Amino acid sequence: MRPHTLFVHAGAEPDRETGAVATPIHLSTTFEHGPAGERRAGFEYVREANPNQARLEAALAEIEGGASAQVYASGMAAASTLLQSLPAGAHLLIPKDVYAGVRSVAFEFLGAQGIVAEAVDTTNPAAVAAAIRPATKLIWIETPSNPRIEIADIALTAELAHRHGALLAVDNTFASPVLQNPLALGADVVMHSTTKYIGGHSDVMGGALVFARDDELAGRCAHRRHVLGGVMAPFNAWLTLRGLRSIGVRVERHATNARLVAAFLAGQPGVAVVHHPSLPGHAGHEIAKRQMRDFGGMLSAEFAGGRAAALAFAGALELFTNATSLGGTESLVEHRASVEGPQPVTSQALLRFSVGIEHADDLIADLARGIDAIRKL
Ligand SMILES: *Cc1c(COP(=O)(O)O)cnc(C)c1O
């Protein structure tokens, strides 16, 4: 089956007991078993597994082309479970431009477990190759990346990792499974913050790991999730699966709108640079064309007038809401440096845009308000 059919049908069998076409919610925390613990349908206690979680996992595994999937309470619960499952003494490579939470796990928490993390420019294969050590167990990439929308070559990095006995994990949140399937390009694990495009409506938090093989690593992560408790709640799994059903049409529209918005912004006075791989001048344009079906709904822009211009632009918008997160139907804008705490890593001149599924003309008219505002500075 083709992806757009899978988005609708994966994990969507009618309920066996009632025939319900829409997936029922099972909120039960416990499941009847026999006197010696014999399970009726494989379930025992909600922290280990439950029917809504199982349906979502089956769907995500099929959609990403994996052998198995695990859903978590959040994207960070998924990412940290994988990273913390590395053995003591392991060396880990993460990108320089990466989701801030992943950077925190790598540098604030993994050290205590004897895991050494190192940030490298993962858009540069020579830099990745030079950073690999005998102890390197995992290379983590995020493509497109947050917030600079950089592109790493998944197939090339997978080959590099495997040549040195390491695994490749890809944070596929920004592309979504509609636009990019890292396992098919050689990655070993795919991670999603399902809070974003998969949930798709800014109303449910969750995360997922999809494994190329149902092996010892997948087992270790499942065990950690069961014991440490970072599992996705049944209602969240139900909402997330409901969101997933329309991801095909949503992400196509996000990506079309983002191409139009990027092209508009790139030609405006006061806009120094637009980061979106659809633009031929983007460093990752050719790789993105190869490994993605479209260029995605996320972009960022840097303003010649620095912080003042970025804030004036963001403050003038009426349709784009100033808010964090991404991947919902509505358009959002965020001055990342303002929300990154006392020592921001992102340029003060940068705004990040999550382009929604509204009409592109209305979005562009709104952005023209921002351009007017910086012209008046
Ligand atoms: C949001 C996000 C995460 C973290 O996911 P949560 O669901 O917020 O915990 C990780 N990576 C990327 C790229 C994200 O956008």
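Apart from neighbours within four places in sequence, Gly297 is in contact with Tyr197, His254, Ala255, Ala258, Phe353, Ser354 and Val355, contact being defined as heavy atoms within 4.5 Å. The structure is a predicted model, in which local features need pLDDT of at least 70 and side-chain atom pairs count only at pLDDT 80 or more, whereas totals for chains, interfaces and linings use all residues. Residues are numbered from 1 along each chain as its sequence is written, and side-chain values use heavy atoms, with hydrogens and water left out.

Gly297 is located in the loop between H11 and E9; helices (H or I, at least four residues) and strands (E, at least two) are DSSP runs numbered from the N terminus. Gly297 counts as buried because its relative accessibility is 3%, the term buried denoting under 20% relative accessible area, exposed over 50% and partly exposed the range in between (1.4 Å probe, protein chains only). Between Gly297 and Gly243 there are 54 residues in sequence and 17 Å in space, taken from C-alpha to C-alpha.

Five aromatic pairs are present in the structure. Rings of Phe, Tyr and Trp (its six-membered ring) pair if their centres lie within 6.5 Å, and planes under 30 degrees apart count as stacked, over 60 as edge-to-face and the rest as tilted. Phe303 and Phe313 form a tilted pair, with 4.8 Å centre to centre and 45° between the planes. This pair links distant parts of the chain, since Phe303 belongs to strand E9 (residues 298-303) and Phe313 to helix H12 (residues 306-316), 10 residues apart. Both Phe303 and Phe313 are buried. An edge-to-face pair is formed by Phe320 and Phe353, at 5.7 Å centre to centre and with 85° between the planes. Here, too, distant parts of the chain are linked: Phe320 lies in the loop between H12 and strand E10 (321-322) and Phe353 in strand E12 (residues 350-354), 33 residues apart. Phe320 is buried, with a relative accessible area of 1%, and Phe353 is buried, with a value of 0%. Phe303, Phe313, Phe320 and Phe353 make up one aromatic cluster.

In helix H6 (residues 154-163), the residues Ile154, Thr157, Ala158, Leu160 and Ala161 are buried. They lie on the same side of H6 because they cover an arc of only 165° around the axis, the arc being that of the directions from the helix axis to the C-beta atoms. The packing partners of the buried H6 residues are helix H5 (125-131), strand E4 (136-142), strand E5 (167-171) and helix H11 (285-291). The N-terminal end of H6 is capped by Asp153, a side-chain oxygen of which lies 3.3 Å from the backbone nitrogen of Ala155. Just after H6, a positive phi of about 75° is found at Gly165.

Of the 14 residues around the ligand, Met76, Asp171, Ser193, Thr195 and Lys196 come nearest, where a residue is near a molecule or strand if one of its heavy atoms lies within 4 Å of it. A polar side-chain atom of Asp171 is 2.7 Å from a nitrogen atom of the ligand. For Thr195, a polar side-chain atom lies 2.7 Å from a ligand oxygen atom.

Thr240 is found in helix H9 (residues 234-244) and is buried, with a relative accessible area of 0%. Not counting residues up to four places away in sequence, Thr240 touches Leu56, Thr194, Ile198, Gly199, Val204 and Met232.

Technical notes
A polar contact is a pair of N or O atoms within 3.5 Å; within protein, one must be able to donate a hydrogen and the other to accept it, and residues adjacent in sequence count only if both atoms are side-chain atoms.
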